[in-house]
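Please keep the sequence and the structure in view while reading.

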Amino acid sequence: MDFPARMRWASRMQFFGSGFVFATWGVHIPTVKAHYGVNEAQLGLAMLAAGVGALLGLTQASRWIGRHGARSTAGVCGATYALLLAGLLIMPAYAALLGLLAVFGIVTSVFDVAINTEAAQLELRGGKPLMSGMHGMFSLGGMVGAMTGGAAIAAGMAPQHHLMLVATVMALSIAVSARWMLPKESTAFASDDHGFRLPRGTLAVLGLLAALGLIAEGAIYDWSVLYLHQELRSPQQQAALAYASFSAAMAMARFGGDAMRARFAPAVLLRGSALLAAASMTLVLLTDMPWLALAGFAGVGVGFANVVPILFAASARVPGVEPARGIAAVSAAAYLGFMAGPPVIGFVAQVSSLTVALYVVVAFAAALAASARHADVA
């Protein structure tokens, strides 16, 4: 079945908006740190709050998508996700920021499952790979969001004004594009049981691999700007290029990823990708030259580009498991790792250094390479 082009583009715009919003948060992590006067450990705790919220959201994602369909769920949660950006710098205290980030995590995770469910249905019913390209739009959104965020800082734009502008534009974009997504019946479940279950068997293995990938990928999203700004003493507008180079390289690799997935077995592609990520991150952490670190972040982006698309696409093809349920289950396992990653890195950075803490990325990329054979499951 071939779906109208507007449905594919609606899905692409959802991924783009998700990446743009997430990048805007990433660019302003140093701003948030300075505004609330927190250290790395407290910043890690704030990211933990978002991770806990994300995990809570994942326990309800399949139920909400089953009841309302991916289109309505994505429109509401995606717009809310964008609008919450406007509150990052106006919370009355650090504790209130934790609450806002918990809600941010809830709507982010449900939005993520909804748009990945949509992409999986388009791929399965269209009969050709689309998932990597969709995730490429997320990375493209991340690149554009990071570059515009850096430009706004360089131009002297007040951080709160920038956050409010992005929140408004992205909320409207996500809400409007959701109107052209698949109708509810195409992304709801065939059964009445929409409850959440922890992954088992094949889904548990995929979830563990996805957790390794998301911890490592999330470390770049959450800590790369601060790393360049704090460890290599780059100005914040230049430090934003760490996120931009990572996202740009990831986007380009993902746009070519569907062709790569059609040509290579999942295990082969996953192993090569993870080895590249490990080598590139090692380069980032060994150099004291910002331009070389930016090249290394780009290599990490290429390396991690197809890890999540490979594993999410596999989770949607597990026999006897509905796509949204499979994606939600693997996402839950991944977010368990994603939830633990930021505070662990923050605490290690507090007692040692951010450089030492980011060797987690190297270790987990190496573990992915060693376990890549498990990706050939569906």
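Predicted model: local features only at pLDDT ≥ 70, side-chain atom pairs only at ≥ 80, totals over all residues.

Apart from neighbours within four places in sequence, the residues in contact with Ser11 are Ile115, Glu118, Ala119, Leu122 and Met134.

Met131 belongs to helix α5, formed by residues 131-154. When neighbours within four places in sequence are set aside, Met131 is in contact with Asn116, Ala119, Ala120, Glu123, Asp258, Arg261, Pro309 and Ala313. Lys33 stands 98 residues from Met131 in sequence, and the C-alpha atoms of the two are 34 Å apart in space.

The description now turns to a pair of helices. Helix α11 spans residues 266-286 and helix α16 spans residues 359-370; their axes come within 8 Å and cross at roughly 160 degrees. Because angles over 145 degrees count as roughly antiparallel, α11 and α16 are roughly antiparallel to each other. The crossing of α11 past α16 is left-handed.

Which residues of α11 and α16 meet? From α11 come Arg271, Ala274, Leu275, Ala277, Ala278, Met281, Thr282, Leu285 and Leu286, while α16 provides Tyr359, Val361, Val362, Ala365, Ala366, Leu368 and Ala369. Of the residues in this contact between α11 and α16, 14 are nonpolar, one is polar and one is charged.

Methods: Residues numbered from 1 in each chain as written. Heavy atoms only, no water. Axes fitted to C-alpha atoms, helices over the stretch in contact; angles between N-to-C directions. Helix = DSSP H or I, 4+ residues; strand = E, 2+ residues; numbered from the N terminus. Parallel < 35°, antiparallel > 145°, perpendicular 65-115°, else oblique. Left-handed = near helix turned anticlockwise from the far one by under 90°. Contact = heavy atoms within 4.5 Å. Nonpolar A, V, L, I, M, F, W, Y, C, P; charged D, E, K, R; others polar.
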